[in-house]
Amino acid sequence: RIVSMPKIDDRVVEGMRLHEFLALEEDKELAKAIEALFMACKVVGYEVRTASCNKEECVNAFGDQQLAVDLLADRTIEAALRASRVVAIGSSEEQPIEKDLGGSTFAVAWDPLDGSSIVDTNFSVGTIFGVWRGKRLTGITGRELEAAGMAVYGPRTSISVSVRGIPGTHEFLLVDNFSGNHGMWVLVQSFYTINEGKLFAPGNLKATQDNPGYAKLVQYWMENKYQLRYTGGMVPDCNQILIKGKGVFANPASPSAPAKLRVLYEVAPVAFLIERAGGASSDGERSALDIPIPGTDVRSQVCYGSKGEVARFNEFVGKRYMK
Ligand code: P6P
C-alpha cells in the first residue's frame with residue numbers, strides 16, 4: 001500500500017555517478033560540502049577495515065570511551081570539511097564543540113563512527129552527518145537541515161543521502177573496480193515511500209521494565225509476528241527501513257533507561273533521511289525534526305518508520321514514561 005508518493009525527480013537515475021547527482025543541486029557550495037563528506041566516508045570505510053579497535057586511554061567530552069578508530073574517523077571527516085572551504089563550523093560526537101573549519105557557509109554535525117562499540121564484533125557500523133546553513137549548531141532544529149546522510153560500513157560500503165534541492169533519499173554504493181582510486185560512488189536506488197510492513201528494530205529493550213507502553217508495543221510486534229532485525233547499530237538498523245521500504249525502529253526512554261541518542265549528531269539527520277523518503281519520525285509526540293537543539297548534548301527517544309508504525313509508537317509510548 002503506497003502511503004504517500006512525493007514528487008519523483010526523473011532526473012535522478014540508477015547508475016548515475018555522485019558528481020552527476022550533485023550537479024542537480026543548484027547550490028554549488030552545498031554540493032561541495034556533500035562531495036567532501038562522501039570522500040571522507042570512503043576513507044573512513046577503509047580505516048574501519050584496517051585500524052585498531054583498541055580502546056584509547058581517553059574518553060570524549062560525554063564520557064564515552066573512545067576507540068582509536070573513532071578518533072581516526074573523526075579527524076578524517078574534519079580534514080575533508082576544512083579542505084572544502086565551504087564549512088564555517090563543525091562539531092562531532094567525539095569533539096562536541098563548535099569548531100571553526102575556516103569556510104563560509106555551512107555548519108556540519110557528524111557522528112564519525114556510530115556503533116563503534118560493535119566494531120570488534122565485526123557488525124556493520126556507520127557515519128551520520130547533517131548539514132545546516134549558517135555558523136551555529138545550537139538553537140537549531142532538524143527542520144532546517146539542508147542535507148543529511150548516513151554511511152554504512154558493512155559487507156559493502158554505501159551512503160544514503162538526501163539533499164534539500166532534490167526530492168527523495170538516495171542510496172549510493174562504493175563500487176571498487178580495483179582501478180586504484182579506491183572505487184567510485186554510484187547511485188543504486190532512490191527512496192520515495194515507506195510502506196506499512198512487519199519489520200521491527202526494538203532498541204533499548206531494558207526500558208520495557210519501567211515503560212509499560214513500550215512493553216505493550218513490543219508485545220504487539222511479537223504477537224503480530226513482525227520480523228525482528230536489530231543489531232544495536234543505529235545506522236544499519238535505520239538504513240534497513242529505507243532499503244526494505246517498510247518497518248519501524250524505536251529507541252524509547254524510561255526512568256531507569258534514559259534517552260541516549262543525541263539529537264544533533266544522530267536523531268535529527270536520520271529523521272531527515274526517513275521523512276524525505278516518505279516515512280515518519282517521532283520523539284513520542286512530534287516529528288524528531290522539531291526537537292529543539294539548545295546544546296550539543298541534547299538527547300531524545302525516537303521512533304522512525306512508516307506513518308502507521310510511528311503513529312502506533314505515539315499511541316502506545318508517547319512521552320508519558322520519560323524521566
Ligand atoms: P541499545 C550505539 O552505541 C548506539 O548509540 C546506537 O548506534 C544504537 O542504536 C544504540 O546505541 C543501541 O542502544 O540500548 O539498544 O543497546
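## Basis

Residues are numbered from 1 along each chain as its sequence is written, and side-chain values use heavy atoms, with hydrogens and water left out. Because the model is predicted, local features need pLDDT of at least 70 and side-chain atom pairs count only at pLDDT 80 or more, while totals for chains, interfaces and linings use all residues.

## Largest pocket

The largest pocket holds about 730 Å³ of space. A pocket is an open set of points on a 1 Å grid over the protein atoms alone, where a 1.4 Å probe fits, with protein on both sides within 12 Å along at least five of seven lines; lining residues have an atom within 4 Å of a point. Points are joined across faces, edges and corners, and the volume is the space filled by probe spheres set on them.

The lining has 34 residues, with Asp-114, Gly-115, Ser-116, Ser-117 and Lys-260 closest to the centre. Two or more residues each come from β2 (65–67), β5 (106–114), α5 (234–244) and β13 (246–251); β5 gives the most, three. Helices (H or I, at least four residues) and strands (E, at least two) are DSSP runs, numbered from the N terminus. By class, the lining has 11 nonpolar, nine polar and 14 charged residues (nonpolar: Ala, Val, Leu, Ile, Met, Phe, Trp, Tyr, Cys and Pro; charged: Asp, Glu, Lys and Arg; polar: the others, Gly among them).

## Second largest pocket

About 490 Å³ of space lies in the second largest pocket. Of its 22 lining residues, Val-152, Pro-236, Asn-239, Gln-240 and Ile-243 lie nearest the centre. β9 (166–175), β10 (184–191) and α5 each give two or more residues to this lining, and the largest share, six residues, comes from α5. The classes are eight nonpolar, eight polar and six charged.

## Ligand surroundings

The ligand is surrounded by 15 residues (a heavy atom within 4 Å), the closest being Asp-114, Asn-204, Tyr-230, Met-234 and Lys-260. Polar contacts are pairs of N or O atoms within 3.5 Å. A ligand oxygen atom lies 2.4 Å from a side-chain N or O atom of Asp-114. For Lys-206, the distance from a ligand oxygen atom to a side-chain N or O atom is 3.4 Å. With Met-234, a polar backbone atom is 2.9 Å from an oxygen atom of the ligand.

## Pro-269

Pro-269 is in helix α6 (residues 263–276). Beyond its neighbours within four places in sequence, Pro-269 contacts Ile-128, Phe-129, Gly-130, Leu-145, Ala-148, Val-263 and Leu-264 (heavy atoms within 4.5 Å). Phe-129 is 140 residues from Pro-269 in sequence, yet 6.4 Å away in space, C-alpha to C-alpha.

Note on methods: Polar contact = N/O pair within 3.5 Å; in protein donor to acceptor, adjacent residues only side chain to side chain.
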